[in-house]
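Me: I would like to go through the terms used for this model and check what each one rests on. Please set the values against the criteria.

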Amino acid sequence: VHDDGGKWFKNLFKVDKVWNMPAYPSRLTCEKVLDKEKGWSVELMLAYNRYGSGNYLSDAEPETLVATQWALFSADVMGKYDFNKLYDLNALMFGEKEIFQPFGTFGFGYTYRSMPRFPNTVTFNLGLGFNVWIYEGWGAQIQSLSKFGLKAGFPTSGSNYLQHSIGVVYKFQPKPTALGKRYKTKKASIRKTL
């Protein structure tokens, strides 16, 4: 998390002093494909993070340091679009295999911070990312989200922040159920008796 109160390009690359990164997995995402042909899906994201003691918090003038380890929890519902449906880069690079999957995402969320300023915030989110599919449904994901706090001063509210993530993803491949086969069998046998 890069929480700089809307000044997103200030100290953006001072990773050690501005970004807050836990040393353990801190985000869980579930995604449901709505229309595979058109590239739309919906996802639910839950994330937990801690503000590192001694890191800069840029939403104050002058810049201040985080005095204690504040916590952040966020829950988001997002729409997602697979850019391969506009132009499939895989056809150029990998033939018929889908290995690279760039996407855009948007939606709304809620963020709780244990810090004194902006403890509860509803956010409008926009983001970009990509999946790289490696082996039998397993892959890696890199994503960045801009979270705009829906408070006074939107879209440059002090409750804005950036959330970056790197993670492991797994794609479930549902198998056809036997129920469909049973239904077909019954239908065929009914026709024969009639």
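Reply: The model is predicted.

Me: Which residues line the second largest pocket?

Reply: The lining consists of Lys97, Glu98, Ile99, Trp133, Ile134, Tyr135, Glu136, Gly137, Lys171 and Gln173. By class, 4 of the lining residues are nonpolar, 2 are polar and 4 are charged.

Me: Why is Gln173 called exposed?

Reply: Exposed requires a relative accessible area over 50%. Gln173 has 56%, so Gln173 is exposed. Gln173 is placed in the loop between β9 (161-170) and α3 (178-193).

Me: How far apart are Gln173 and Gly137 in sequence and in space?

Reply: They are separated by 36 residues in sequence and by 7.9 Å in space, C-alpha to C-alpha.

Me: How do you know that β8 and β9 pair?

Reply: Pairing needs at least two bridges between two strands. Strand β8 (residues 138-149) and β9 are joined by 10 bridges, so they pair, and they run antiparallel. One of the bridges links Ile142 to Ile166 in β9.

Me: What makes β1 and β9 the edges of the sheet?

Reply: The open sheet has 7 strands, paired antiparallel in the order β1-β2-β5-β6-β7-β8-β9. β1 (27-35) and β9 each have a single partner strand, so one side of each lacks a neighbour in the sheet. Neighbouring strands of this sheet are turned by 20 degrees against each other on average, direction ignored.

Key. Residues numbered from 1 in each chain as written. Predicted model: local features only at pLDDT ≥ 70, side-chain atom pairs only at ≥ 80, totals over all residues. Heavy atoms only, no water. 1 Å grid on protein atoms, 1.4 Å probe; cavity = no way out; pocket = protein on both sides within 12 Å on 5 of 7 lines; lining within 4 Å. Nonpolar A, V, L, I, M, F, W, Y, C, P; charged D, E, K, R; others polar. Helix = DSSP H or I, 4+ residues; strand = E, 2+ residues; numbered from the N terminus. Buried < 20%, exposed > 50% of the residue type's maximum accessible area, 1.4 Å probe, protein only. Axes fitted to C-alpha atoms, helices over the stretch in contact; angles between N-to-C directions.
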